[in-house]
Amino acid sequence: MMIDRIEALLKDVEKFKAESLDEIESFRIQLLGKKGKITDLFKDFKTVPNDQKREVGQKINLLKNAAADKIEAIKQKLSASREVTIGNDLSLPGEPKNLGSRHPISLVRNEISEIFNRIGFIISEGPEIEDDWHVFSALNFPEEHPARDMQDTFFIEKNPDILLRTHTSSVQVRVMDHQKPPIRTLSPGRVFRNEAISARAHCIFHQVEGLYIDKDVSFADLKQTLLYFAKEFFGEQAEIRLRPSYFPFTEPSAEVDVSCSLCGGKGCNVCKYTGWLEILGCGMVDPNVLESSGIDSKIYSGYAFGMGIERIAMLKYGIKDLRLFFENDQRFLEQFSGNY
Ligand code: 2NL
């Protein structure tokens with residue numbers, strides 16, 4: 001009786017064919033599942049007379065192994081033939097490859113660089129770990145200037161001479177040290193300030209600074225260059241205005257606003273109903289700065305400007321929180337695309 005059931009199931013296993021994984025699975029459940037026919041055989045084994053137990057036990061085990069082997073073999077065959085089919089079917093859709101996108105800070109940095117490259121500014125780069133001379137002294141910062149304080153600047157260990165640059169002017173000091181005028185250079189880069197992190201401030205951010213030194217460089221040259229930049233970056237309708245300001249390294253100095261491109265100067269909550277957005281600081285290079293780098297301030301004059309890339313990117317893309325630039329959340333990053 002038991003032997004007949006085993007023989008019949010063995011035949012079923014031998015005959016079994018399948019075209020799909022679903023078929024294989026339902027066959028497996030039929031035989032080896034909790035209520036499967038082979039599982040039942042094991043349950044009924046206790047009813048087998050003692051003198052037949054040995055023979056019947058062996059046969060059930062053989063059947064169980066045969067079923068498991070057959071299922072495995074058909075599975076293998078099926079997946080092999082699937083691979084062959086996929087390999088040969090040129091009409092199947094390709095696997096999507098997700099392309100990355102450039103970081104908004106890179107997009108804006110590259111676009112600004114392009115605009116100034118077109119009028120002869122050459123990119124210069126320099127070290128992020130600097131010395132006091134290139135960051136402060138050569139730029140006419142007095143000995144007791146608060147920017148030199150530990151509260152504002154990161155120092156490397158306890159050496160007050162080695163620090164993380166707080167602006168990329170240090171790169172331009174190095175250019176002036178090694179190059180004779182005319183000088184026309186643009187220094188984009190990462191800068192560091194000891195600030196508490198918030199929606200508007202970060203201890204690491206990015207700057208672009210520009211420097212032009214030649215004979216007879218005037219404030220009018222500076223204004224026209226910045227107007228050209230504003231129109232290229234923000235659009236032909238852009239206007240600029242200059243307000244007097246102060247920097248240790250320029251005299252006179254000015255803050256530059258661009259007309260608000262969102263409301264066209266009428267006033268909105270982005271420009272706080274003034275019609276203007278502050279975009280950069282600038283001025284005529286202080287003669288002390290030229291002389292520190294061995295440039296004769298009686299023969300040469302120059303202008304310089306600096307802008308924060310995060311600030312410009314926030315204006316361009318309407319980003320409200322600066323911290324988004326540093327978190328690398330893909331949901332943020334994948335929204336940016338551009339040619340730069
Ligand atoms: C700002 C203002 C400025 C400069 C940067 C500069 C560099 C040299 C000599 C003189 Cl080597 N000046 N750079 C000048 C005026 C303003 O930056 O608001 N930056 C974010």
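## Helices, strands and the model

Helices here are DSSP runs of H or I with at least four residues, strands are DSSP runs of E with at least two, and both are numbered from the N terminus. This is a predicted model, where local features need pLDDT of at least 70, side-chain atom pairs count only at pLDDT 80 or more, and totals for chains, interfaces and linings use all residues. Residues are numbered from 1 along each chain as its sequence is written, and side-chain values use heavy atoms, with hydrogens and water left out.

## A loop with two positive phi angles

Let's start in the loop between β7 and β8, where you'll find Lysine 272. Lysine 272 isn't a glycine, yet its phi is positive, about 50°. Tyrosine 273 is in the loop between β7 and β8 too, and its phi is also positive, near 60°.

Are these residues buried (under 20% relative accessible area) or exposed (over 50%), with partly exposed in between? Lysine 272 is exposed at 59%, and tyrosine 273 is exposed at 62%. Accessible areas come from the Shrake-Rupley method with a 1.4 Å probe, and for residues only the protein chains shown count as cover.

## Around the ligand

Now for the ligand: 16 residues surround it, and Gln172, Glu209, Gly281, Ala304 and Gly306 are the closest. To count as near, a residue needs a heavy atom within 4 Å. The protein covers 89% of the 490 Å² of accessible area that the ligand has on its own.

Which elements supply at least two residues each to this shell? They are α7 (169-178), β5 (204-214), β8 (276-285) and β9 (301-308). β9 gives the most, with five residues.

An N or O atom in the side chain of glutamate 209 is 2.8 Å from a nitrogen atom of the ligand. For glycine 306, a backbone N or O atom lies 3.3 Å from a ligand nitrogen. Pairs of N or O atoms like these are polar contacts if they are within 3.5 Å; within protein, one must be able to donate a hydrogen and the other to accept it, and residues adjacent in sequence count only if both atoms are side-chain atoms.

## Threonine 168

Threonine 168 sits in the loop between β3 (162-164) and α7. Threonine 168 is buried, with a relative accessible area of 0%. A polar atom of its side chain is 3.0 Å from the backbone oxygen of serine 187.

## Two cis peptide bonds

Proline 181 and proline 182 are joined by a cis peptide bond, with omega about 5°. Proline 182 is in the loop between α7 and β4 (183-192). The bond from glutamate 251 to proline 252 is cis as well, with omega near -5°, and proline 252 is in strand β7 (residues 250-259).

Note on methods
Buried means under 20% relative accessible area, exposed over 50%, partly exposed in between (1.4 Å probe, protein chains only).
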